[in-house]
Amino acid sequence: METGLLVLRLVVGLLIAGHGVQKVSFRLGGNGLAGGTEEFRHDGFRGGRLTALAAGGSQIGGGLFLAAGLLTPAAAMVAMGVMTVAGTVKRHNGLWVQNDGYEYPMVLVAASAVLALTGPGRWSADHVLGLSPWPLWLSVVAIVAGPVTGLLTRVLLHRPSVKEGTTRYAQAAD
């Protein structure tokens with residue numbers, strides 16, 4: 001079981017962190033911060049550069065903490081939040097990833113929730129620091145708060161399109 005939790009944490013955490021690196025740099029196939037900023041604008045978000053930095057930083061931090069098994073409920077909450085946002089962007093494409101759907105973000109959300117519930121295992125920073133096991137109520141709060149904060153982020157940063165009644169000037173100001 002310990003080996004399985006370690007492998008799950010490393011794969012899920014490092015993939016989420018890598019996704020964040022792509023948002024803010026040219027590493028791992030990313031398009032730099034300007035590319036990340038444009039991606040968020042294209043996906044209908046306000047904030048541009050700050051939004052790309054916040055999302056990329058959250059993915060990098062949450063992913064690395066999850067991989068290390070450090071503050072696991074909080075790391076899982078952050079990972080679930082940012083991947084819920086990614087899922088909302090892809091929602092209109094349906095479920096399956098071959099159609100650029102939300103399958104991949106959903107798997108990362110589910111895997112993060114599993115890690116929040118099971119704990120990071122013995123081979124983790126939480127265990128070494130004496131923080132594990134976490135109380136079940138804290139894991140449940142993280143599992144609810146992650147996706148809810150992701151959905152709130154999407155609602156608050158949504159930029160209405162011209163079709164929804166805004167002017168081109170208002171869009172350019174975003």
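**Note on the cores and pockets of this model**

1. The largest nonpolar core has 17 residues, and those touching the most other members are V12, I16, L66, A76, M80, M83 and L108. Such a core is a set of buried Ala, Val, Leu, Ile, Met, Phe, Trp, Tyr and Cys residues joined through side-chain atoms within 4.5 Å, where buried means under 20% relative accessible area (1.4 Å probe, protein chains only). At least two residues of this core come from each of α1 (2-24), α4 (72-90) and α5 (103-118), with α4 giving the most, 7 residues. Helices here are DSSP runs (H or I, at least four residues), numbered from the N terminus.

2. This is a predicted model, in which local features need pLDDT of at least 70 and side-chain atom pairs count only at pLDDT 80 or more, while totals for chains, interfaces and linings use all residues. Residues are numbered from 1 along each chain as its sequence is written, and side-chain values use heavy atoms, leaving out hydrogens and water.

3. Leaving aside neighbours within four places in sequence, M80 is in contact (heavy atoms within 4.5 Å) with V109, S112, A113, A142, I143, G146 and P147.

4. Turning to side-chain classes, the lining of the largest pocket divides into 14 nonpolar, 8 polar and 4 charged residues, whereas that of the second largest pocket divides into 1 nonpolar, 4 polar and 5 charged. Asp, Glu, Lys and Arg count as charged, Ala, Val, Leu, Ile, Met, Phe, Trp, Tyr, Cys and Pro as nonpolar, and the others, Gly among them, as polar.

How values were computed:
Buried means under 20% relative accessible area, exposed over 50%, partly exposed in between (1.4 Å probe, protein chains only).
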